[in-house]
Amino acid sequence: SGEAFNVGRFLEETSPYAWAGTGIGLCIGLSVLGAGWGILVTGSSILGGGVRSPRITTKNLISIIFCEVVAIYGVIIGIVYSAKLQHVPENLLYTPHNYYTGYAIFWGGITVGICNLLCGIAVGITGSTAAIADAADPNLFVKILIVEVFGSIMGLFGLIVGLLMVGAAGDFTAAASVSPHVL
């Protein structure tokens, strides 16, 4: 026999700071993971294609820059989200307003992080294809670069959605009075 897991109790007893901090960490972490993955895929194809056609190495660095922008999106949103974190004493922290802020930052961070992870993978794959195609035929570079730009827009959409998700959430504030049922 075991104890049943009570989801509502877990959501109420977990600190809003923990939710917000986890969201900020996932936002930055997943964004950097997506950027690194994209750089790995693109960079290896640039190096491989550069053996056959050395002229592509400098031209295809734009794909690496697109991947780095994905990480920058995550860091920017992490900074914006962390500006909402204000010190509140433990006994005044557990209010509906602070829960809303913590949950909003958590889900906003997950949204931005996953969008940037997928964006980094998409940009990496299209950047890899651009490098290999450019090595075979220089006329294909601009055509594939347009597809890569559309893939990188996904990260920007994630950034915008993340800002909209947290826009209504205020900063962490202390409760006006302590009610005994909240403690």
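Me: How many residues does helix α2 have, and how far does it reach?
Reply: Helix α2 covers residues 16-52, so 37 residues, and reaches 54 Å from first C-alpha to last, close to the expected 54 Å at 1.5 Å a residue. The expected span is 1.5 Å times one less than the number of residues. Helices here are DSSP runs (H or I, at least four residues), numbered from the N terminus.

Me: What caps the N-terminal end of α2?
Reply: Ser15 does, with a side-chain oxygen 3.1 Å from the backbone nitrogen of Tyr17. A polar contact is a pair of N or O atoms within 3.5 Å; within protein, one must be able to donate a hydrogen and the other to accept it, and residues adjacent in sequence count only if both atoms are side-chain atoms.

Me: And what are the ground rules for the model?
Reply: The model is predicted: local features need pLDDT of at least 70, side-chain atom pairs count only at pLDDT 80 or more, and totals for chains, interfaces and linings use all residues. Residues are numbered from 1 along each chain as its sequence is written, and side-chain values use heavy atoms, with hydrogens and water left out.

Me: Switching topic: at what angle do α4 and α5 cross?
Reply: Roughly 175 degrees, with the axes of α4 (residues 61-82) and α5 (residues 96-136) coming within 9 Å. That makes α4 roughly antiparallel to α5 (angle over 145 degrees). The axes are lines fitted to C-alpha atoms over the stretch in contact, and angles run from 0 to 180 degrees between N-to-C directions.

Me: Which residues meet there?
Reply: Among them are Ser63, Phe66 and Gly74 from α4, and Gly108, Val123 and Gly127 from α5. Contact means heavy atoms within 4.5 Å. The contact residues divide into 10 nonpolar, eight polar and no charged.

Me: Is Ser63 buried or exposed?
Reply: Ser63 counts as buried because its relative accessible area is 0% (buried is under 20%, exposed over 50%, partly exposed in between, with a 1.4 Å probe and protein chains only). Leaving out residues up to four places away in sequence, Ser63 touches Thr42, Val123, Gly127 and Glu148.

Technical notes
Helix = DSSP H or I, 4+ residues; strand = E, 2+ residues; numbered from the N terminus. Parallel < 35°, antiparallel > 145°, perpendicular 65-115°, else oblique. Nonpolar A, V, L, I, M, F, W, Y, C, P; charged D, E, K, R; others polar.
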